[in-house]
Amino acid sequence: MKRDRAGDRYVVTITRQFGSLGRPIAKRLSEILQVEYYDRDIVEETARRMNLPVSAVSDREERSSGFFRMLFPLGTEAEEKQRQLFQVQSGIISRLAAKDSCIIVGRCADYVLAGEKHAIHVYIYAPYEARLSNCVGPLGMQEDTARRMIREVDRARLAYHRRFAHYAPDDPAQKHVIINSALLGVEGTARALAALVRIRRGMGEMDR
């Protein structure tokens, strides 16, 4: 993709509830804006830098919450590895944001890039029944599995964010936009966010 001039570079961070379709919205947003999209790429790069399998990085992300520590008691060594993982991922996120305009999903990117002047921090949510419908429909889960995943992943993400960012993922004081994806769906939400990014960029250009 075409590289931005330094003054035109921007980054959108996406934090989301499980089942709100935040990931496909972020992917579609990147297509509309024609910028890079980073999600699992960060996990893969972290695994490479830490000389770990990708599955181990994903496991340690999840186990950073108190809930997952109860399920998988790994002791103090795991706590230190989780801190190392967060530090490595934070460095990767900062470098990606400094390189080109992009969309970054999850991993406390809003916290890592809190000082980034040209960042827009977004939280995507949806009512419980809409999330359940998304899990059973587009995501193809059984209903009992969907209910369990919504409960467990929400709990894990909340604990992860509070541990490393020191605030909840939906804290309005830390977000520029909080949007209900059930209102407009994947395409409509992505287009609404793209319009907002373009308006904000235009305002930024007028300010310079």
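Modeller: Contact here means heavy atoms within 4.5 Å of each other, and this is a predicted model.

Biologist: Which residues in α7 are buried, and what puts them on the same side of α7?

Modeller: Arg131, Leu132, Asn134 and Cys135 are the buried residues in α7, and because they cover an arc of only 160° around the axis, they lie on the same side of that helix.

Biologist: Why are α7 and α8 called oblique to each other?

Modeller: Helix α7, residues 128-136, packs with helix α8, residues 143-164, at an angle of about 120°, their axes being 9 Å apart. Roughly perpendicular covers 65 to 115 degrees and roughly antiparallel begins over 145, so α7 and α8 are oblique to each other. The crossing in which α7 passes α8 is right-handed.

Biologist: Which residues in α7 and α8 meet?

Modeller: From α7 come Tyr128, Arg131, Leu132, Cys135 and Val136, which meet Glu143, Ala146, Arg147, Ile150 and Asp154 in α8. Sorted by class, this contact of α7 with α8 has six nonpolar and four charged residues, with no polar ones.

Biologist: Why is Arg157 called partly exposed?

Modeller: Arg157, which has its place in helix α8, has a relative accessible area of 24%; buried would require under 20% and exposed over 50%, so Arg157 is partly exposed.

Biologist: Leaving aside neighbours within four places in sequence, what is Arg157 in contact with?

Modeller: With that exclusion, Arg157 is in contact with Arg16, Gln17 and Phe18. Gln17 is 140 residues from Arg157 along the chain, yet their C-alpha atoms are separated by 8.4 Å.

Notes
Residues numbered from 1 in each chain as written. Predicted model: local features only at pLDDT ≥ 70, side-chain atom pairs only at ≥ 80, totals over all residues. Heavy atoms only, no water. Axes fitted to C-alpha atoms, helices over the stretch in contact; angles between N-to-C directions. Helix = DSSP H or I, 4+ residues; strand = E, 2+ residues; numbered from the N terminus. Parallel < 35°, antiparallel > 145°, perpendicular 65-115°, else oblique. Left-handed = near helix turned anticlockwise from the far one by under 90°. Nonpolar A, V, L, I, M, F, W, Y, C, P; charged D, E, K, R; others polar. Buried < 20%, exposed > 50% of the residue type's maximum accessible area, 1.4 Å probe, protein only. Arc of directions from axis to C-beta.
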